[in-house]
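Open the model in your viewer and keep the selection panel at hand. The stops below go one at a time.

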Amino acid sequence: MSISQEDRALLEAVRKGDGAAWTRLVDEYQGRLLRFAQTRVQQSADAEDIVQDTFASFIKAVHTHTIETSIETYLFGILRNAI
């Protein structure tokens, strides 16, 4: 799936250090990522740590990689690899 204009704009805002854009991104995906992780790891705290690490990896990637898939696809890819 290619990246939408909305995702592209959100990524650009995050790259520029827009805190509101980052908050919007986290608010949109954190719950889904956490539910996914909780179904695959036994400890809730471990799932929370993995999701936090996913966002940390994502923010690094935003500044060093060209992201050409949806934000959701990219985040879940990081999460699956972390699990």
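At 25% relative accessibility, Trp22 counts as partly exposed. Start there. Keep in mind throughout that this is a predicted model.

**Stop 1: the ring of Trp22**

How many aromatic pairs does the structure hold? There are 4. Trp22 and Phe55 make one of them, in an edge-to-face arrangement. Their centres are 5.9 Å apart, with 85 degrees between the planes. Now colour by helix. Trp22 belongs to helix α2 (residues 19–38) and Phe55 to helix α3 (residues 44–64). Phe55 has 7% relative accessibility and counts as buried.

**Stop 2: Phe58 and Tyr74**

Select Phe58 and Tyr74. Here is another edge-to-face pair, 6.0 Å centre to centre with 70 degrees between the planes. Is Phe58 buried or exposed? Phe58 is buried, at 0% relative accessibility. Tyr74, at 22%, counts as partly exposed.

Show Trp22, Phe55, Phe58 and Tyr74 together. Ring pairs link these four into a cluster.

**Stop 3: the nonpolar core**

Widen the view. The largest nonpolar core has 25 residues. Among those with the most contacts inside it are Phe55 and Phe58, already on screen, as well as Leu25, Leu33 and Leu75. Which elements give two or more residues to this core? They are α1 (5–15), α2, α3 and α4. α2 gives the most, with 7 residues.

Centre on Leu75. Setting aside neighbours within four places in sequence, Leu75 is in contact with Leu25, Tyr29, Leu33, Thr54, Phe55 and Phe58. In soluble globular proteins, nonpolar side chains tend to be buried together.

**Stop 4**

Select Ser70, in the loop between α3 and α4. Ser70 counts as buried, at 8% relative accessibility. A polar contact of 2.8 Å joins the side chains of Ser70 and Thr73.

**Stop 5: a charge over a ring**

Finish with Arg40 and Phe36. What sits over the ring of Phe36? The charged end of Arg40 does, 3.6 Å from the ring centre.

Key:
Residues numbered from 1 in each chain as written. Predicted model: local features only at pLDDT ≥ 70, side-chain atom pairs only at ≥ 80, totals over all residues. Heavy atoms only, no water. Phe/Tyr/Trp six-rings, centres within 6.5 Å; stacked < 30°, edge-to-face > 60°. Helix = DSSP H or I, 4+ residues; strand = E, 2+ residues; numbered from the N terminus. Buried < 20%, exposed > 50% of the residue type's maximum accessible area, 1.4 Å probe, protein only. Lys NZ or Arg CZ within 6 Å of the ring centre and 35° of its normal. Polar contact = N/O pair within 3.5 Å; in protein donor to acceptor, adjacent residues only side chain to side chain. Core = buried A, V, L, I, M, F, W, Y, C linked by side-chain atoms within 4.5 Å. Contact = heavy atoms within 4.5 Å.
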